[in-house]
Amino acid sequence: MILYFSGTGNSEYAAKRICQEISDELINLFERIRNHDFSEMYSERPWIIVVPTYA
C-alpha cells in the first residue's frame, strides 16, 4: 500500500511511479483528511509512505 501526501505534485508523481512499478494500491492522504475519512487501513503488503521533504 502506497500512502502519499503532496503539496506541489512532486510526491504524487513519485508515488504514482512507484505504484506502476510494484502494482500496489495508491492512497492520497490529503483526500482522506479533507473528506474526514479516518477509517482504518489494512494491507498485507508493506506500507510505503511518500511525503515532501523540505530542506
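Two strands count as paired if DSSP finds at least two bridges between them. Strands (E, at least two residues) and helices (H or I, at least four) are DSSP runs, numbered from the N terminus.

This is a predicted model: local features need pLDDT of at least 70, side-chain atom pairs count only at pLDDT 80 or more, and totals for chains, interfaces and linings use all residues. Residues are numbered from 1 along each chain as its sequence is written, and side-chain values use heavy atoms, with hydrogens and water left out.

**Stop 1: the sheet.** Select Leu3. Its bridge partner in E2 is Ile27. Now show all of E1, residues 2-4; three bridges join E1 to E2, and the two run parallel. The three strands form an open sheet, ordered E2-E1-E3, with parallel pairing. E2 (26-28) and E3 (48-50) are the edge strands; each has a single partner strand, so one side of each lacks a neighbour in the sheet.

**Stop 2: Ala15.** Go to helix H1, residues 10-22, and pick Ala15. Beyond neighbours within four places in sequence, Ala15 contacts Ile2, Tyr4, Leu26 and Val50.

**Stop 3: the core.** Select Ile2, Tyr4, Ala15, Cys19 and Val50, the largest nonpolar core. Such a core is a set of buried Ala, Val, Leu, Ile, Met, Phe, Trp, Tyr and Cys residues joined through side-chain atoms within 4.5 Å. E1 and H1 are the elements that give two or more residues to this core.

Terms used: Contact means heavy atoms within 4.5 Å. Buried means under 20% relative accessible area, exposed over 50%, partly exposed in between (1.4 Å probe, protein chains only).
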